[in-house]
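I opened this model to look up a few local features. My notes follow in the order I took them.

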Amino acid sequence: MINNHKLLSKKDLLTIAKIAKKISGIHLDQSKKYTIQSVISRRIREVNAENINDYFKLMESMEGEYEKDKIISALTTNVTSFFREKHHFDYLHKLLCCDFHAEIMREERIRIWSSACSSGEEAYSAAMTAAEAVNYSHIKKIKILGTDIDPEMIRRAQDGIYFKNNIPKNFSEKFNKFCDFSGEEFYFSRNIKDLVLFKKLNIIGEWPFQAKFHAIFCRNVTIYFDKKTTDLLWRRLSSRLHVKGEIYIGHSERITNFEELGLRPIGINAYKKVV
Ligand SMILES: C[S@@+](CC[C@H](N)C(=O)[O-])C[C@H]1O[C@@H](n2cnc3c(N)ncnc32)[C@H](O)[C@@H]1O
């Protein structure tokens, strides 16, 4: 049995923190010491490594990518829910019905990005919102991209199978309209699934697309980043918003220099691109 406290020296902890920062932007300070100890000790046991040096070698090897994913996944929370912070979906509904109505009528493509989508609930909530806001004949022009660094979450989002008890109170009617049910599970019908596409993506890395978005959800992920990483991310995201487009952020997140980024606050943790 490995003793957690003997296992990792200060130098080992720093090495893990540097790796996490480099691959995902996650900022691990002293307060996360015991979390790192327990996550790494568990992984060392699971991969049958002899000690921390063996484990570092594994990370540098071919299988290292898988291991890095595992660590990031263990160090972050994937907590999410359908229609979390419902007001953002009300803003999105209005954005599609009113602000971008003319573009939709002209059959222009409308892009929405759920940029740390976890297991997909945020992206599917956006898809259901779009399906209610946009006339059936135009819905195919709506594209919702869901991305997350955690491949296991992306796999779940792609499967799109959830439990009935994930449906929030008072939303049954909406889910009955867009989902098929089987026992305790449900899955989204083809017309909703066709709107969403899920891909693994590190939000602080390169973005392999040039397109601008009409709405971006970036909620509850910058909580892991330091200020410099967060500020750069807001700048990059705002440069990928169409004028009139909106960005929705988490309840404990703030864009302090919104004016400089051409953004205007429009409601609870929501900003509109104005220039
Ligand atoms: C708390 S969940 C938020 C899910 C959803 N946005 C919401 O608010 O309900 C945070 C998600 O951020 C993801 N994440 C952490 N670092 C990331 C990064 N560098 N790039 C992309 N996703 C990341 C985690 O894997 C996790 O699924």
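**Helix 12, both faces**

I began with the face of helix 12 turned away from its buried side, and there I found the exposed residues Lys228 and Leu232. Exposed means over 50% relative accessible area, buried under 20%, and partly exposed in between, with a 1.4 Å probe and protein chains only. The model is predicted, so local features need pLDDT of at least 70 and side-chain atom pairs count only at pLDDT 80 or more, while totals for chains, interfaces and linings use all residues. Residues are numbered from 1 along each chain as its sequence is written, and side-chain values use heavy atoms, with hydrogens and water left out.

Next I checked the length. Helix 12 covers residues 227–239, 13 residues in total. From first C-alpha to last it reaches 18 Å, close to the 18 Å expected at 1.5 Å a residue. The expected span is 1.5 Å times one less than the number of residues. Helices (H or I, at least four residues) and strands (E, at least two) are DSSP runs, numbered from the N terminus.

Which residues of helix 12 are buried? I listed Thr229, Thr230, Leu233, Trp234, Leu237 and Ser238. They cover an arc of only 160° around the axis, which puts them on the same side of helix 12. The arc is taken from the directions from the helix axis to the C-beta atoms. What covers these buried residues includes helix 2 (10–24), strand 1 (110–114) and strand 8 (241–249). Contact means heavy atoms within 4.5 Å.

**Helix 2 against helix 4**

I followed helix 2 to helix 4 (residues 52–60). The two pack at an angle of about 20°, with axes 12 Å apart. Helix 2 and helix 4 are therefore roughly parallel to each other, a label for angles under 35 degrees. Asp12, Thr15, Ile16 and Ile19 in helix 2 meet Ile52, Phe56 and Met59 in helix 4.

**Two positive phi values**

I then looked at backbone angles. Most residues other than glycine have a negative phi. Asn170 has a phi near 70°, a positive value. Asn170 sits in the loop between strand 3 (161–163) and helix 10 (172–178). At 76% relative accessibility, Asn170 counts as exposed.

Lys244 also is not a glycine, and its phi is positive, about 85°. Lys244 belongs to strand 8. At 29% relative accessibility, Lys244 counts as partly exposed.

Conventions:
Axes are lines fitted to C-alpha atoms, for helices over the stretch in contact, and angles run from 0 to 180 degrees between N-to-C directions. Angles under 35 degrees count as roughly parallel, over 145 as roughly antiparallel, 65 to 115 as roughly perpendicular and the rest as oblique.
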